[in-house]
Amino acid sequence: RRWNITLSQFLNDYIFKSIYKFGNGIGKLFFAIIITFLVSGFWHGAGWHFIIWGLVNGAFVCIANYMSVKSIKLPFAISWAVTFFGVLMTRVLFDSTNMTQVFSVYKSMFIFADWGNFFQSAGAFILGNAYTMGLIAICAIISFGFKNVYEITENFKPHWKYAAWAAILLTLALFRMGTVSNFLYFQF
């Protein structure tokens with residue numbers, strides 16, 4: 001029955017739920033979250049950077065749960081910026097090969113000894129990757145300037161043009177299936 005279980009479902013069923021039962025209290029909830037994310041970090045790799053990645057993500061989930069329980073809401077711009085910064089910082093942990101590399105990347109992110117060189121390098125990077133930068137800009141406009149899927153479905157009325165767009169996108173996706181891309185989890 002469980003030959004195709006996902007990692008998230010495994011962690012939930014066999015780690016989280018074995019520690020926390022509904023009604024155990026917030027301390028036990030936080031403990032279960034931290035242990036679950038610690039195991040997740042260890043599953044991704046035995047390096048300290050993965051362990052810390054799991055613990056930091058667990059801490060973020062604990063903070064989010066605490067804020068929910070206490071009905072604490074941050075302004076949208078602040079919550080968006082904190083989330084973006086948190087994802088960016090934990091991504092460095094996930095993509096690095098060891099803690100030395102993590103500290104090196106963090107150092108290069110926050111210590112700007114030569115601002116002129118920084119802006120020159122950034123400009124060269126943007127120009128050298130104009131196609132990718134254009135796609136990122138388009139994605140940002142779509143993400144922040146248009147309705148999300150929940151807002152669209154609130155007032156959705158079927159129409160032939162939506163079916164046509166879906167057919168076009170499906171066709172494009174099917175044509176792209178022939179290209180080779182490496183599956184992220186093959187590296188683990």
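# Aromatic pairs, a loop residue and a surface patch

User: What is the relative accessible area of Tyr14?

Analyst: This is a predicted model, in which local features need pLDDT of at least 70 and side-chain atom pairs count only at pLDDT 80 or more, while totals for chains, interfaces and linings use all residues. Residues are numbered from 1 along each chain as its sequence is written, and side-chain values use heavy atoms, leaving out hydrogens and water. Buried means under 20% relative accessible area, exposed over 50% and partly exposed in between (1.4 Å probe, protein chains only). Tyr14 is partly exposed, and its relative accessible area is 43%.

User: Which kind of aromatic pair do Phe10 and Tyr14 form?

Analyst: Phe10 and Tyr14 lie four residues apart in helix α1 (residues 7-19); helices (H or I, at least four residues) are DSSP runs, numbered from the N terminus. Rings of Phe, Tyr and Trp (its six-membered ring) pair if their centres lie within 6.5 Å; planes under 30 degrees apart are stacked, over 60 edge-to-face and the rest tilted. For Phe10 and Tyr14, the centres are 5.2 Å apart and the planes 35° apart, so the pair is tilted.

User: Where is Ser71, which has a positive phi?

Analyst: Most residues other than glycine have a negative phi. Ser71 is not a glycine, yet its phi is about 55°. Ser71 is exposed, at 63% relative accessible area. Its place is the loop between α3 (48-69) and α4 (76-95).

User: Which residues form one aromatic cluster?

Analyst: The count of aromatic pairs comes to eight. The residues of one aromatic cluster are Phe50, Trp53 and Phe94.

Methods
Helix = DSSP H or I, 4+ residues; strand = E, 2+ residues; numbered from the N terminus.
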